[in-house]
Amino acid sequence: KEDFSQKSSIFLRPEAQFDHLVGLPDSEDRAKALIGAMESIEEDYENLRGVLPKGDYQELDNDVLGQLLRTLNPDELKRVSGDVFGRIYEYFLTQFADQRAHDDGEFFTPISLVSLIAHVLEPDRGEVLDPACGSGGMFVQSARIVEEQGQNPTARLTFRGLEKNATTIRLAKMNLAVHGLEGNIQKAITYYEDPHELLGKADYVMANPPFNVDEIDAGKVKNDPRLPFGLPGVNKKDKVSNGNYVWISYFYSYLSNKGRAGFVMSSQASSAGRDEAKVRQSLVETGDVDI
């Protein structure tokens, strides 16, 4: 198992290996076998316990499961090298996002965009935080940067995430797992909770937060130490007028002295006026804004 971890891979017991599952005869209960495979993985990897979608297989006909396994077993897969199943998982995440997750990037950020942020920051060691981590793409691309440098990402990077949606957390944990990575992803509403307690400690912050949110309770966040430049405006309902600069302030505050942040943000944040402009001016005057 340790040898597999060194190669950023998951160790699978014989009954959980794909060749075994795809070779099952029609007389075998494939759903039972797949669930057993998942349970064996969860036994070996504590971070995946209760995460894998074991119940879903029983809803599918045995013949359908057989066809599905064969579809995912073409000869081409046996000839390719590299992180092929990780790429397949990313492909399905992309398809799922295209069909039903048009929610300002809350669920999934295009890999090309995440890769750009990762290549600008070039994380090489330390704490990587994503306070709105979705399905975990920022972590996967950070790991790729380290792999491009010929290093082992699990030895050099520590991944910490916050996410409010329990189902999305499961997707993120599986996304890390199929890439041979581990991360500490906590269920939290980042506006009000900070379970990782990384104020001033993160080496890298990467995120695609929800844009233009106007439902943040101003009273709950006004004294938050992650808001050193104050609130970017409060509306008549005692809500923060626009949450963009709450997020940006949080990203800034999480960084260590030499930390670097890269994030996706609504274009209107670069020209917003009034109290948002005051926060933006304070941020620029720190001298820490690069791009």
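Two strands are taken to pair if DSSP finds at least two bridges between them. In the present structure, which is a predicted model, strand β4, residues 202-207, is joined to β5 by five bridges, and the two strands run parallel. Strand β4 is mostly covered, with five of its six residues buried.

These pairings belong to an open sheet of five strands, arranged in the order β3-β2-β1-β4-β5 with parallel pairing. The edges are formed by β3 (184-187) and β5 (255-263), each of which pairs on one side only. Averaged over the sheet and with direction ignored, neighbouring strands are turned by 20° against each other. In general, the strands of a sheet pair through backbone hydrogen bonds, in either a parallel or an antiparallel manner.

Two helices that pack on the sheet are described here. Helix α7, comprising residues 111-121, touches β4 and β5, and its direction makes about 155° with that of β5. Helix α12, comprising residues 244-254, touches β1 (126-130), β2 (157-163), β4 and β5. The direction of α12 makes about 145° with that of β5.

On the α7 side, the contact comprises Ile111, Val114, Ser115, Ile117, Ala118 and His119. These residues meet Gly137, Met138, Gln141, Ser142, Ile145 and Glu148 in α8. By class, the residues of the contact between α7 and α8 divide into six nonpolar, five polar and one charged.

A further helix pair is formed by α3 (residues 30-44) and α4 (residues 62-71), which pack at an angle of about 55° with their axes 9 Å apart. This angle makes α3 oblique to α4. Helix α3 contributes Arg30, Ala31 and Leu34, which meet Asn62, Asp63, Leu65, Gly66, Leu69 and Arg70 in α4. The contact of α3 with α4 contains four nonpolar, two polar and three charged residues.

Helix α3 also contains Ile41. This residue counts as buried because its relative accessibility is 13%, the threshold being under 20%. With residues up to four places away in sequence left aside, Ile41 touches Leu12, Ala16, Leu48 and Leu52. By contrast, Ile41 and Val234 are separated by 193 residues in sequence and by 48 Å in space, C-alpha to C-alpha.

Asn242 is placed in the loop between α11 (218-221) and α12. At 6% relative accessibility, Asn242 counts as buried. Excluding residues up to four places away in sequence, the contacts of Asn242 are with Asn212, Val213, Pro232, Gln268 and Glu276. Asn242 and Ile216 are 26 residues apart in sequence, and the C-alpha to C-alpha separation of this pair is 8.3 Å.

Most residues other than glycine have a negative phi. Glu122, although not a glycine, has a positive phi of about 50°. This residue is found in the loop between α7 and β1, and Glu122 is partly exposed, with a relative accessible area of 46%. Arg274 likewise is not a glycine and has a positive phi, here of about 55°. Arg274 is found in helix α13, residues 274-285. With a relative accessibility of 77%, Arg274 counts as exposed.

Key. Residues numbered from 1 in each chain as written. Predicted model: local features only at pLDDT ≥ 70, side-chain atom pairs only at ≥ 80, totals over all residues. Heavy atoms only, no water. Helix = DSSP H or I, 4+ residues; strand = E, 2+ residues; numbered from the N terminus. Axes fitted to C-alpha atoms, helices over the stretch in contact; angles between N-to-C directions. Contact = heavy atoms within 4.5 Å. Parallel < 35°, antiparallel > 145°, perpendicular 65-115°, else oblique. Nonpolar A, V, L, I, M, F, W, Y, C, P; charged D, E, K, R; others polar. Buried < 20%, exposed > 50% of the residue type's maximum accessible area, 1.4 Å probe, protein only.
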